[in-house]
Amino acid sequence: MTHHERWDGTGYPAGLQGDEIPLEGRIAAICDVYDALLSERPYKKPWDKELVIAYLQGNSGSHFDPHLVSVFLSILPEIDAISSRFDDDTQASTVTSVD
């Protein structure tokens, strides 16, 4: 419920600000935006990874918890490695039959 709250208090549903936002919501906000911007949607093409990183950095302290943005970016290689193991394209290519 809190991943749409913003660090500066302009989010929703409750307008929580800073540390009022539960840690889980602050983490989910960063992960959700990172995934959404990198993913193709019917209404948009995926962004380049460099632009997504710049977006996170540019919104650090307003949309996102600045400390968590730093932590997220420091472990990005591990996040991307895990993500690639579960990529939809990778999984689709391993399907051998449909019963």
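**Close-up views of the predicted model**

By the ring-pairing rule used here (centres of Phe, Tyr and Trp rings, the six-membered ring for Trp, within 6.5 Å), the count comes to two aromatic pairs. The model is a predicted one, in which local features need pLDDT of at least 70 and side-chain atom pairs count only at pLDDT 80 or more, whereas totals for chains, interfaces and linings use all residues. Residues are numbered from 1 along each chain as its sequence is written, and side-chain values use heavy atoms, with hydrogens and water left out.

**View A. The aromatic pair of tyrosine 34 and phenylalanine 72.** The ring centres of tyrosine 34 and phenylalanine 72 are 5.1 Å apart and the planes stand at 70 degrees, so this pair is edge-to-face (planes over 60 degrees apart; under 30 counts as stacked and the rest as tilted). Because tyrosine 34 belongs to helix 1 and phenylalanine 72 to helix 3, the pair ties together parts that are 38 residues apart in sequence; helices here are DSSP runs of H or I with at least four residues, numbered from the N terminus. Tyrosine 34, at 6% relative accessibility, counts as buried, and phenylalanine 72 is buried with a relative accessible area of 6% (buried is under 20%, exposed over 50% and partly exposed in between, with a 1.4 Å probe and protein chains only).

**View B. The aromatic pair of tryptophan 47 and tyrosine 55.** Tryptophan 47 and tyrosine 55 form an edge-to-face pair, with 5.8 Å from centre to centre and 90 degrees between the planes. Tryptophan 47 counts as partly exposed at 32% relative accessibility, and tyrosine 55 counts as partly exposed at 28%.

**View C. The largest nonpolar core.** Twelve residues make up this core, among them Ile30, Tyr34, Val52, Phe64 and Phe72; a nonpolar core is a set of buried Ala, Val, Leu, Ile, Met, Phe, Trp, Tyr and Cys residues joined through side-chain atoms within 4.5 Å. Helix 1 (23-38), helix 2 (49-58) and helix 3 (66-74) each supply at least two of its residues, and the largest share, five residues, comes from helix 1. Leaving aside residues up to four places away in sequence, valine 52 touches Tyr34, Leu37, Leu38 and Trp47 (contact means heavy atoms within 4.5 Å).

**View D. The contact of helix 3 with helix 4.** Phe72, Leu73 and Ser74 in helix 3 meet Leu76, Pro77, Glu78 and Ile79 in helix 4. The residues of this contact divide into five nonpolar, one polar and one charged.

Notes:
Nonpolar A, V, L, I, M, F, W, Y, C, P; charged D, E, K, R; others polar.
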